[in-house]
Amino acid sequence: GGPAYWLPGPHTLQLLDGWETEGPLIASNVLIWAQDGITYRLEGDLTLDEARVIAESVALPEGE
């Protein structure tokens, strides 16, 4: 139910701690979201709808 980012298809990953202009190529779709202070990244050959179902099923560890 919260905000998320959907990155479809191949894209380049650039890490914030380095100045490299060439990052690793990510070949699949990625869904990124944050929940209760934890950032999640789901990568795979999934549609947005499939990734959303998985993301909605993520539960916090017991006791949190």
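Are Trp-33 and Tyr-40 buried or exposed? Both Trp-33 and Tyr-40 are buried. Buried means under 20% relative accessible area, exposed means over 50%, and partly exposed lies in between, with a 1.4 Å probe and protein chains only.

This is a predicted model, in which local features need pLDDT of at least 70, side-chain atom pairs count only at pLDDT 80 or more, and totals for chains, interfaces and linings use all residues. Residues are numbered from 1 along each chain as its sequence is written, and side-chain values use heavy atoms, with hydrogens and water left out.

**Nonpolar core**
- The largest nonpolar core has 6 residues: Leu-31, Trp-33, Tyr-40, Leu-42, Ala-51 and Ala-55.
- Strands β4 (29-35) and β5 (38-44) and helix α1 (48-57) are the elements that each give two or more residues to this core.
- Such a core is a set of buried Ala, Val, Leu, Ile, Met, Phe, Trp, Tyr and Cys residues joined through side-chain atoms within 4.5 Å.
- Helices (H or I, at least four residues) and strands (E, at least two) are DSSP runs, numbered from the N terminus.
- Leu-42 touches Asn-29, Val-30, Leu-31, Trp-33, Ala-51 and Ile-54, leaving aside residues up to four places away in sequence. Contact here means heavy atoms within 4.5 Å.

**Aromatic pair**
- The count comes to 1 aromatic pair.
- The ring centres of Trp-33 and Tyr-40 are 5.2 Å apart and the planes meet at 15°, so the pair is stacked.
- Rings of Phe, Tyr and Trp (its six-membered ring) pair if their centres lie within 6.5 Å; planes under 30 degrees apart count as stacked, over 60 as edge-to-face and the rest as tilted.

**Asn-29**
- Asn-29 sits in strand β4.
- Asn-29 counts as buried because its relative accessibility is 17%.
- Its side chain reaches the backbone nitrogen of Gly-9 at 2.5 Å.
- Among the residues that Asn-29 touches are Trp-6, Leu-7, Pro-8, Leu-42 and Glu-43.

**Salt bridges**
- The whole structure holds 2 salt bridges. Each needs a side-chain nitrogen of Lys or Arg within 4 Å of a carboxyl oxygen of Asp or Glu.
- Glu-43 pairs with Arg-41, with the closest N and O atoms 2.6 Å apart. Glu-43 is partly exposed at 39%, and Arg-41 is partly exposed at 40%.
- Asp-49 and Arg-52 form a salt bridge at 3.1 Å, N to O. Both lie in helix α1, 3 residues apart, about one turn of the helix.
- Asp-49 is exposed at 53%, whereas Arg-52 is partly exposed at 38%.

Note on methods
A polar contact is a pair of N or O atoms within 3.5 Å; within protein, one must be able to donate a hydrogen and the other to accept it, and residues adjacent in sequence count only if both atoms are side-chain atoms.
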